[in-house]
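Please look through the model below with its sequence at hand.

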Amino acid sequence: MLTGHFRKGRGMASKPVAFEIKELSKTYGSGRAAVHALRGVSLTVRRGEFLVLLGPSGSGKSTLLNIIGGLDSASSGSVYYEDQDLTHLADPALTRYRRNHVGFVFQFYNLMPGLTALENVELVVEIAPDPMPAEQALGLVGMSHRLDHFPAQLSGGEQQRVAIARALAKQPQVLLCDEPTGALDRDTGIGVLEALATVNREVGTTVLIVTHNAGVAAMADRVIRFVDGQVTKIDHNERKADAADIQW
Ligand code: ADP
């Protein structure tokens, strides 16, 4: 299989490195209760890449996402974000990294029920150093027509798109998504994946998606396959599928 053939870039291999992950391990607990969630994962992620992390439940995908998002610590190995070793940052620096560089999207949307879609996104815009206007972020995810709706008046897929707009509004370099379509049916899930692909394509945000839905792999630049805490295979897609065309 040829490497480096990407629809948007013959060129992804020459893009600057966003994350350099080396021999990363994570063990929860100790002794007989020890769980080896990651066992020596190494991976280079380039700026602007769209990666899908695929594998069975319990294979370590979320653990990796949480460590590179600065939400969890490693047991050994290193994760560089540009020139910063996240595994050796003190808490205040790690908090700054998370706040300034990373947007998170989780399976459940955690929107404030008493605020409209627009207000939910504005909340982030108020505290970010270099935000995008909330209306623009909602426009990118196809939610311009629902600015004044409250979460309870939106479908699950629409709520997730508001959550993506909220993550996006602070203009993060990286969007980390853990099972973003896990609670959605096919049609609404595809709307959410389309929104993520749009953000990646139009803003250039590096996107990592953890999923157990194998169909999503067709949308990625690269598919990172996990088994039992290890990366067992990395596939390059020469052509990325549109969200509307994937198998669910
Ligand atoms: P995946 O995202 O692929 O489903 P996870 O990264 O969530 O897998 O989990 C990998 C392994 O680590 C699993 O066996 C899980 O039970 C364990 N694990 C994850 N988080 C913790 C934790 N906070 N404490 C103990 N074990 C954990």
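Strands β9 and β10 form a hairpin with 2 residues between them, and in the turn Asp228 has a positive phi of about 50°. Helices (H or I, at least four residues) and strands (E, at least two) are here DSSP runs, numbered from the N terminus. This is a predicted model, in which local features need pLDDT of at least 70 and side-chain atom pairs count only at pLDDT 80 or more, while totals for chains, interfaces and linings use all residues. Residues are numbered from 1 along each chain as its sequence is written, and side-chain values use heavy atoms, with hydrogens and water left out.

Two strands are said to pair if DSSP finds at least two bridges between them. Strand β9 (residues 222–227) also pairs with strand β3 (residues 50–54), in the parallel sense and over 4 bridges, and there Val52 has Val223 in β9 as its bridge partner.

Another set of strands involves β4. Strand β1 (residues 17–28) pairs with strand β4 (residues 76–81) in the antiparallel sense over 5 bridges, and the partner of Ser25 in β4 is Ser76. Strand β4 is in turn joined to strand β5 (residues 84–85) by 2 bridges, again antiparallel, with Tyr81 opposite Gln84 in β5. The hairpin of β4 and β5 has 2 residues between the strands, and Glu82 takes a positive phi near 50° in this hairpin.

We turn now to the helices. Helix α1 is mostly covered, since 6 of its 8 residues are buried, where buried means under 20% relative accessible area, exposed over 50%, and partly exposed in between (1.4 Å probe, protein chains only). The buried residues of α1 are Lys61, Thr63, Leu64, Leu65, Ile67 and Ile68. Thr63, which lies in α1 (residues 61–68), has a relative accessible area of 10% and therefore counts as buried. Leaving aside its neighbours within four places in sequence, Thr63 is in contact (heavy atoms within 4.5 Å) with Lys26, Tyr28, Ala37 and Leu38. After α1 comes Gly70, whose phi is positive, near 75°.

In helix α2 (residues 91–101), the buried residues are Ala93, Leu94 and Tyr97. Seen down the axis of α2, these buried residues fall within an arc of 100°, so they line one face of the helix; the arc is that of the directions from the helix axis to the C-beta atoms. The buried residues of α2 pack against β1, α1, β4, β5 and β6, whereas the face turned away from the buried side carries the exposed residues Asp91 and Pro92.

Finally, there is the largest pocket, with a volume of about 330 Å³. A pocket is an open set of points on a 1 Å grid over the protein atoms alone, where a 1.4 Å probe fits, with protein on both sides within 12 Å along at least five of seven lines, and lining residues have an atom within 4 Å of a point. The lining of the largest pocket comprises 17 residues, of which Phe104, Val124, Arg166, Ala167 and Lys170 lie nearest its centre. The elements that give two or more residues to this lining are β6 (102–105), α3 (117–127) and α5 (156–168).

Conventions. Points joined across faces, edges and corners; volume = space filled by probe spheres on them.
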